[in-house]
Amino acid sequence: MRTIAVVARKGGSGKTTLALHMAIAAHLRGLKVILADADAQRSSSEALRKRKVPGPKLVETASRKLFTLQEASRRAGDDLIIVDTPCCPDEEVSEAIGLSDLVLVVVRPSFFDVAAAVRSIDAARQLGRPAQIIINQAFSARFGKESAALDSALEALRFTGTPICPAIVHSRALFQSALAMGMSAEEMGPSAGAEEIAAVWANAAAPLVEAAQLKRA
Ligand SMILES: Nc1ncnc2c1ncn2[C@@H]1O[C@H](COP(=O)(O)OP(=O)(O)O)[C@@H](O)[C@H]1O
Ligand SMILES: [Mg+2]
C-alpha cells in the first residue's frame, strides 16, 4: 500500500482536480484506491458524490487521522491512498507529507505559485519524502509552442532540483465539466486532456505503485 499526497500552499492551484484525476486513474487501472479528502472544504468529496458509477473509495478525514486510515487500508489490502490536502495550516500539510511515500506538488506556471511551491518542496525535503512537481493550468500552446510563462516557471523550478513531471496539464474546460459529474477527463472519451492525465499517471504515480506491487510479489 502506498500513499500519495497532493499538495500546494496556494488555494486554486489544482490539488483537488489532480487528486481526483489520479484517484480515478488508479481505479480505471484496476487498483483498490482511496481518495482521502483531508481538506475541510470537502471539494473532492462533493465531486465524488456526483459519480454514478463505481470509483475510488471516498474517506473524509484530516491529516491527523491519516495514520489510522493507512493502517486500516493496509489491513484491507488497498493499493493506494491519494490524499487531497488543504492549502494550510502548514502543520496539517506537513503531517500529510510526513506520512506519504510521494508528494505531488501542484504548481500553476506563475511567479507567485512558483514561490509557494518552493516552500512545499522544502517541507517534503525536510521530512525526507520524495516529491515531484506537476505543472497545472498552463496556458494552451499556440502553434505548437508553449507559453513564455511556462518556460520561465520551468526555469525557476529546475533550480529546486526536484523532478518535474514531463507531462504538463493545461487549463481545459473538460477537467471542470468532467469533475462536476465526479468523472475524470479520461472517462469522457479520447481528448488531449485525457492524454495529459494518462501521462501524469504514467510519470508520477505508476512507478510508485508498480514498485510496491513488485515488492509484494
Ligand atoms: N487544469 C485545469 N483546467 C481548468 N480548470 C482547472 C484546472 N485545474 C484546476 N482548475 C479549476 O481551478 C479551480 C481550483 O482548482 P482546485 O482543484 O479546486 O484547486 P485547489 O484544490 O488547489 O484549491 C477549480 O475551479 C478547478 O475546476
Ligand atoms: Mg482543493
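A salt bridge is counted here where a side-chain nitrogen of Lys or Arg lies within 4 Å of a carboxyl oxygen of Asp or Glu. By that criterion the structure, which is a predicted model, holds 12 salt bridges.

| Asp90 | Arg9 | 3.1 Å |

Asp90 forms a salt bridge with Arg9, and because Asp90 belongs to helix α4 while Arg9 sits in the loop between β1 and α1 (15-28), the pair ties together parts that are 81 residues apart in sequence. Arg9 counts as buried, at 14% relative accessibility, whereas Asp90 is partly exposed, at 28%.

Arg29 is partly exposed, with 35% relative accessibility.

Arg51 is buried, with a relative accessible area of 11%, while Glu187 is partly exposed at 22%. Elsewhere, Asp37, Arg42, Arg49 and Glu60 are linked in a network of salt bridges.

The strands form an open sheet of 6, arranged in the order β3-β2-β4-β1-β5-β6 with parallel pairing. Its edge strands, β3 (57-60) and β6, each pair on one side only, and neighbouring strands are turned by 20° against each other on average, direction ignored. Within the sheet, β1 and β4 (residues 80-84) run parallel and are joined by 5 bridges, with Ile4 standing opposite Ile82 in β4. Helix α8 (residues 192-216) packs on this sheet, touching β1, β4, β5 and β6, and its direction makes about 160° with that of β1.

Helix α5 (residues 111-126) has 16 residues, which at 1.5 Å a residue should span 22 Å, and its end C-alpha atoms, 23 Å apart, agree with this. Its buried residues include Asp113, Val114, Ile121 and Ala124, and what covers the buried residues of α5 includes β1 (2-7), α4 (90-98), β5 (102-107), β6 (131-135) and α6 (148-158). By contrast, Phe111 and Phe112 are exposed. The helix is followed by Gly128, whose phi is positive, near 70°.

Note on methods
Residues are numbered from 1 along each chain as its sequence is written. Chains are lettered from A and ligands numbered from 1 in the order in which they are written. This is a predicted model: local features need pLDDT of at least 70, side-chain atom pairs count only at pLDDT 80 or more; totals for chains, interfaces and linings use all residues. Side-chain values use heavy atoms; hydrogens and water are left out. Buried means under 20% relative accessible area, exposed over 50%, partly exposed in between (1.4 Å probe, protein chains only). Helices (H or I, at least four residues) and strands (E, at least two) are DSSP runs, numbered from the N terminus. The expected span of a helix is 1.5 Å times one less than its number of residues. Contact means heavy atoms within 4.5 Å. Two strands pair if DSSP finds at least two bridges between them. Axes are lines fitted to C-alpha atoms, for helices over the stretch in contact, and angles run from 0 to 180 degrees between N-to-C directions.
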